[in-house]
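Could you walk me through this model in my viewer, one selection at a time? I would like to know what to click on next and what I will find there.

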Amino acid sequence: MIVAVAGGKGGVGKSTVAYNLAAALDAVVVDGDLGMANLPADHGPTLHDVLAGRASAREALRAGPVTVLPCGRSLAGARAADVSALGDALTSVEREHGTAVVDCPAGLRADVGVPLAVADAAVLVAAPEPFALADALRTRELARELDAPLVAVALNRVVEEPPIPTVRDALGAPVESVPADPRVGQSVEEEAPVVDAAPDSDPAATFAALAGRVDSSEK
Amino acid sequence: MDLDWTQQSAAGVSLVAARLRNRRATDRRVRLENRLDGPVFPPRRNGVPEAGWDRGGVTTVVPAGGTVALGYACPAPESTPPVAVEAVEPAADRGGETDPATAVRKLGDHRPPRDVLDRCCDGTESDESVVAETSTRPRKTTSSTDTHEPLTDYRTRIETAEALGAVGVEGATDLLATNDGLVGVEVLAESLEADATRLRALAAAAETLADRAEAATPPTQSLRRLS
C-alpha cells in the first residue's frame, strides 16, 4: 500500500513522522519533497533522477535502518523532475516492497496532489497549535478530493495535554499524539528510528499505534 | 447533438473550434474525432492535456440542454469538415477523477522558476555534483557578476578610493588593511587613471552607437511587401 504523510504547513515534522512510521510499518520511506529534501541521502541516484527518467526507483533506493528513496537537493534537479511520473515511481516501490510511505512537501501543489491521488491511506501531521490546524484542514480537503482516505492525524511535538477531541472533530480522524522527545527529533539525522532505538518509549508506542491504524485501514 | 465548428489556418497549423449543443433532457457523452490530416494538439494545463483529450480527438460530457465549447490545434492544412461527432451515448456517472494527471492539472507547478537556476547554479548538467560537493567546491560568483554588471569592478575601485579620502586616519587604517596595505592603494591609484580613460572611451563609444541607433531605419515596409 501507499501511505501519504502530508500536513500543509512546513516544519511540523512530516519527515520525522514519515521516517518513524515507515520504520514501524517496515516500509520504504520516499522523500517526496522535490524542492526541499529532508531524509538522508548519499551520492547515488535520487528521486529527481527517477522522475527525470535517468534511473529506476529500485536503483535509487538506499539501504539503512529504514530503506529510503532519497530526493535530490538541487533546484536544477527539482526543475527537471516530472511530477506526473511520481505516481508510477511510487507504484513500483509498492509492488516490490509492499508498503511505501511518502513524505509529502508542505503546501498544496502537484507534488502533494500526486502522492495523495495514488495513496491508499493518508496520515496528516499537525502541530498542536491552531494555525497548524488550518493548514491540516486544507490538506484534508485535498486528500478528500483526491480520494485518499484519512486514517489518522499525528499531533507532533506535544508538550502539554493536547486538545485531542477538538482536532478529531475538526479533521474527522483518530488522533495520535507524539510526545516531544529529543530522540524523535534526532531519529532522521542519526538514522535511528525510535521504534528500534527506544522501543519502550512513549513515542515508539505512538508510532506503533499509528502503524496499527494504517494497517487496519487496509483490511 | 448539434455541432458547430470553425477553422482557421496559420503557419501550417489549423486551429479548430467546436461547439456542441445537447438538446436532450439527459447528459450525453460525446466522442469528437479530428478529421484533419494530423495529430491533435490538445489544450494543456501545467503541461498535462485536459481530461478526455488524446491524439485522435476528445471525449466529453455535454450536460442536458447545455453547450460545451472546445478547441484544439492540428499541424495540417484545413479541410471540410475538420471535426466530426463519432459517437454519442448516455453519460453514466463516472465519479470524480483522482488520477495523478488530474492532480498535476489542478494543482500548481512544484518546480522552482527557471531564473532561480540561472542565478544560483552552473547548469543542469552539474546539478548532482553541486549537491554533493557544495562544501568542497567554491562557487564561481565573481565571474557571473562580471558578465551581469560590467561596471561593477570600476564602481568598487572608485568607491574604495572615495572612502579612503573621506574617512579619518583611524578608518583609513582599517581600509588599508582590507585593501592590501599601502602597495594596494598605490596600485589602486594607478588603475583609477586607466579606469577613467577606459570609462570615457566607453562613454564615447556608447554615444556614437546611440546616435547610429537613432539614425538607422530598417526598410520594414518594403521587406513586409516582399515576404
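**Before you start.** This is a predicted model, in which local features need pLDDT of at least 70 and side-chain atom pairs count only at pLDDT 80 or more, while totals for chains, interfaces and linings use all residues. Residues are numbered from 1 along each chain as its sequence is written, chains are lettered from A and ligands numbered from 1 in the order in which they are written, and side-chain values use heavy atoms, with hydrogens and water left out.

**Stop 1: the sheet.** Show chain A as a cartoon and look for an open sheet of seven strands, paired in parallel in the order β3-β2-β4-β1-β5-β6-β7. Strands here are DSSP runs of E with at least two residues, and helices are runs of H or I with at least four, numbered from the N terminus; two strands pair if DSSP finds at least two bridges between them. At the edges sit β3 (68-69) and β7 (175-179) of chain A, each pairing on one side only.

**Stop 2: strand β4.** Now select residues 100-103 of chain A. A:A100 and A:V102 point one way from this strand, A:V101 and A:D103 the other way, and all are buried (under 20% relative accessible area, with a 1.4 Å probe and protein chains only).

**Stop 3: the interface.** Bring chain B into view. Here 27 residues of chain A are in contact with 23 residues of chain B, contact meaning heavy atoms within 4.5 Å. The buried area is about 2,200 Å², 66% of it from carbon and sulfur atoms; this is the accessible area (1.4 Å probe) that the two parts lose on being put together, summed over both. Highlight A:L75, A:A76 and A:R79, which supply 31% of the area that chain A buries against chain B, more than any other three residues.

**Stop 4: the salt bridge.** Finally, select B:K106 and A:E145. Their closest N and O atoms are 2.8 Å apart, forming a salt bridge (a side-chain nitrogen of Lys or Arg within 4 Å of a carboxyl oxygen of Asp or Glu). The rule finds one salt bridge across this interface.

Note on methods. Buried < 20%, exposed > 50% of the residue type's maximum accessible area, 1.4 Å probe, protein only.
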